[in-house]
Amino acid sequence: MEEDLKTSAKGKILSIRDLPTLPRVLDEVSRLVQNPNTTIEAIAKVISRDQVLSAKVLKMVNSPVYGFPGRISSIQHSLVLLGFNVIRGVIISTSVFDIMAKAMEGLWEHSIGCALATGLIARKAGLKDPEEYSVCGLLHDLGKVVAAVQLPDLHKAVGETVRSQDLRWLEAEKAVLGFGHDRINSWLAEHWHLPPNIKEAMGSHHFPERAQLYPLHAAAVHVGDFVVRVFEYGSGGDDQAVPLNPQALKTLNISLSDLDSVLDGFAEDLSEVSGVNFMPEDGPASSGAAAG
Amino acid sequence: MQKIPLTLAQPGMKLAKAITKANGMAIVGSGVELTEALIDRLDGMGIDKIFVVGDAVSASQNPSERALRLDHLFRRLGDDAYMVKVKAHLREYFTIKAAADAAVAAQDKG
Amino acid sequence: MALTLFPRQQHGILLSPDPELAALFRSLWDLSEVEWLVIERGRRAMEIIFNEPPDILVVDNRLTDIRSTEVATIVKSENVYRQLPVILCLDSDDFEQPWNWNEIEADDFLVRPFLPTQARERVHLTLCRASRAMDANPLTKLPGNTSIISRIQDLIDRQDDFALAYCDLDYFKSFNDKYGFSRGDEVLMMTARVIVNTIRGFTGVRSFVGHVGGDDYVFIVPADIAEEACKRVVEAFDGIVPHFYDEVDRERESIVSTDRQGEVRTFPLMALSIAVVFNTGGRLKHYGEASAIAMGLKKKAKENVKSCYVLDRRSP
């Protein structure tokens with residue numbers, strides 16, 4: 001019974017054709033790509049703030065069509081390799097959430113916050129290519145977005161279970177679906193030929209000890225998720241801290257006190273991130289992070 | 001008062017601190033209300049951070065508020081010895097931060 | 001006709017015993033555009049086709065000595081002539097049974113009664129399509145050697161100012177030896193995308209990118225942006241190429257591989273060398289000069305193990 005649900009859910013998840021995003025970043029990128037003199041760097045900077053657009057370009061550049069599946073994990077590199085015309089095509093064909101937009105804002109903030117925190121942790125741990133870790137952080141809850149689109153009733157049931165039983169989102173997913181968004185992440189990453197580091201971080205961010213090949217990526221996102229939840233910037237669907245795996249800090253070779261400077265950096269950068277609130281252009285800058 | 005990046009400055013916000021050049025010469029005085037033109041000029045001068053009155057931008061990083069929220073966030077992790085330790089560490093971190101902020105604010109007033 | 005579709009006069013061969021069809025084809029084009037050689041007997045034509053392959057071959061089903069489809073098959077079965085586009089002239093009742101187009105490798109067909117304007121446009125389309133597909137590199141789909149040479153010679157003949165850049169990869173061979181050719185192909189595909197997109201990133205200028213073959217590429221840009229183009233290509237390549245190595249090698253920034261003498265050696269990560277030749281004031285007369293100068297510069301570029309570019313600064 002449970003296996004049946006899993007199989008049909010997996011089919012549904014992988015059959016996703018149209019993954020919508022929120023209007024704010026899409027509008028900004030659309031404006032950028034209309035100007036042929038826009039630099040790739042400028043577009044990359046904006047796309048790096050949107051988990052759906054980032055996932056789309058990574059999926060495309062890593063598709064077998066281009067001949068190097070699973071190699072590219074940086075947004076900037078993806079854009080260089082795809083070229084302006086393809087990027088414009090991706091942007092033009094992306095739709096936006098309509099009825100669910102409001103409900104999704106918290107998750108978008110949570111994801112960009114996690115990207116930020118994960119990048120800071122990677123720097124603190126002295127890891128190479130910290131941007132790569134940020135991408136992993138950005139995509140860590142993509143499975144929740146896809147589930148919301150492809151399994152809307154189940155997604156709603158998960159949300160209700162979170163509230164009625166005071167569970168964390170992952171616990172509620174397991175209660176309702178029998179599997180979590182971490183599993184959905186793995187399916188998507190596999191199906192889209194995403195690079196193994198991103199795949200492992202997406203699939204193991206709740207249990208970084210399970211990561212086989214890229215324990216650093218999984219550990220960094222795990223701690224990043226913890227940090228963004230402590231600040232309650234946006235929302236992963238519930239309002240609880242996640243259990244921090246002490247092994248994750250050991251893997252990264254940082255101590256609890258080392259986290260202090262990560263928290264400092266996060267607090268400082270948070271105001272900059274708030275500048276990309278997912279509200280209409282003319283909205284007031286003062287209505288900051290609304291925990292969803 | 002809040003330190004914000006110029007990219008988030010909006011017309012109507014009030015400066016909480018004067019903006020000065022490296023040599024200490026004031027460019028714009030404290031209390032001045034920002035306008036579109038002024039923001040553009042500051043941008044042209046390479047100013048990237050300014051102090052504005054009130055909590056103009058998102059307050060979720062306010063450390064005293066963070067310290068108060070910890071009990072709520074960790075409500076289901078009370079049995080986990082390691083998480084109890086983590087929580088205590090965070091409480092100390094945010095409390096010290098809040099005290100430091102309060103000290104800076106008091107100094108600004110005086 | 002104001003429209004110029006082709007850089008030079010096109011040569012067509014029409015195999016048909018039908019004088020009306022011959023007259024129609026000759027009336028449709030000015031001699032300076034497409035010159036038609038009409039041959040009434042098919043068998044006799046084969047030798048001419050093989051000796052002097054035309055740009056297009058049109059075969060009428062009314063040939064008495066050979067079936068039109070057989071002509072197409074003979075031409076297409078030989079590698080050297082595969083690229084030659086073939087149009088068949090048919091009657092509508094030829095299609096009562098569906099045709100096996102896998103066996104009859106024609107490129108298009110015309111059906112009696114012929115509509116003059118349609119015949120003209122079909123011939124144009126077939127020619128243009130053939131020139132597009134002609135020598136595209138099978139891996140990267142970029143224009144290959146024939147297109148590259150004709151583009152360069154064309155620019156030289158018109159005495160246009162341009163910069164011609166030859167790019168190739170250092171230590172590609174050792175990468176291939178260690179990781180295998182399919183991983184090597186990944187790098188070649190990546191390199192092609194990097195060059196094409198970087199060059200296309202310069203908007204409003206005429207440019208060209210070709211793939212000579214293997215790890216050799218060519219791009220042509222206006223002289224004044226050549227240096228910036230090299231800089232950007234090198235920068236993008238250097239940023240991306242480490243990700244095509246396994247984690248260990250990327251960390252170490254080198255690979256351990258066996259060289260041509262069978263000795264174990266350490267090789268640096270792949271780098272891109274670019275040699276740029278300028279044609280200003282019509283100083284180049286022939287394509288060969290450009291490539292000779294470039295090969296000299298290339299040696300200089302290769303002295304550097306890191307990605308780099310060398311510009312030929314000699315004035316005309």
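Two residues are taken to be in contact if their C-beta atoms, placed from the backbone, lie within 7 Å. By this criterion, the contact between chain A and chain C takes twelve residues from chain A and 16 residues from chain C. Helix α5 (residues 75-82) of chain A supplies the largest share of the side of chain A that touches chain C, namely three residues. By class, that side of chain A divides into seven nonpolar, four polar and one charged residues, where Ala, Val, Leu, Ile, Met, Phe, Trp, Tyr, Cys and Pro count as nonpolar, Asp, Glu, Lys and Arg as charged, and the others, Gly among them, as polar.

The model is predicted; local features need pLDDT of at least 70 and side-chain atom pairs count only at pLDDT 80 or more, whereas totals for chains, interfaces and linings use all residues. Residues are numbered from 1 along each chain as its sequence is written, and chains are lettered from A and ligands numbered from 1 in the order in which they are written.

The secondary structure of chain A comprises 16 helices and zero strands; helices (H or I, at least four residues) and strands (E, at least two) are DSSP runs, numbered from the N terminus. The radius of gyration of chain A is 18 Å, close to the 19 Å that the globule rule gives for 292 residues, so chain A is as compact as a globular protein of that length. The radius is taken over C-alpha atoms, and the rule is 2.2 Å times the number of residues to the power 0.38. Along the principal axes, the C-alpha atoms of chain A fill a box of roughly 50 × 45 × 45 Å. Buried residues account for 54% of the 292 residues in chain A; a residue is buried if 20 or more other C-beta atoms lie within 10 Å of its own, exposed if 12 or fewer, and partly exposed in between, with C-beta atoms placed from the backbone. Of the contacts in chain A between residues at least 6 apart in sequence, 67% join residues at least 24 apart.

Within chain A, helix α12 (residues 181-191) has as its buried residues His181(A), Ile184(A), Asn185(A), Leu188(A) and Ala189(A). These residues cover an arc of only 130 degrees around the axis, which puts them on the same side of α12(A); the arc is that of the directions from the helix axis to the C-beta atoms. Their cover includes α1 (2-14), α9 (142-150), α11 (169-176) and α13 (196-204) of chain A. His193(A), which follows α12(A), has a positive phi, near 55 degrees.

Cys114(A) is found in helix α7 (residues 101-124) of chain A and is buried, with 30 other C-beta atoms within 10 Å. Leaving aside neighbours within four places in sequence, Cys114(A) is in contact with Gly137(A), Leu138(A), His140(A), Val221(A), Gly224(A), Asp225(A) and Val228(A). Cys114(A) and Ser134(A), 20 residues apart in sequence, are separated by 7.7 Å from C-alpha to C-alpha.

Most residues other than glycine have a negative phi, and most peptide bonds are trans. Glu232(A), although not a glycine, has a positive phi of about 50 degrees. This residue lies in the loop between α14 (215-230) and α15 (246-252) of chain A, and counts as buried with 22 C-beta neighbours inside 10 Å. In chain C, phi of Glu253(C) is likewise positive, near 60 degrees. Glu253(C) lies in the loop between α9 (247-252) and β9 (254-258) of chain C and is exposed, with 10 other C-beta atoms within 10 Å. A cis peptide bond, with omega about -10 degrees, joins Arg112(C) and Pro113(C); Pro113(C) is found in the loop between β5 (108-111) and α4 (116-133) of chain C.

Helix α7 (residues 181-200) and helix α8 (residues 226-240) of chain C pack at an angle of about 145 degrees, with their axes 9 Å apart. Axes are lines fitted to C-alpha atoms, for helices over the stretch in contact, and angles run from 0 to 180 degrees between N-to-C directions. In this packing, Met190(C), Thr191(C), Val194(C), Ile195(C), Thr198(C) and Ile199(C) of α7(C) meet Ala229(C), Arg232(C), Val233(C), Ala236(C), Phe237(C) and Ile240(C) of α8(C). The contact of α7(C) with α8(C) has nine nonpolar, two polar and one charged residues.

Chain B has three helices and four strands, which run β-β-β-α-β-α-α from the N terminus on. Of its 110 residues, 18% count as buried.
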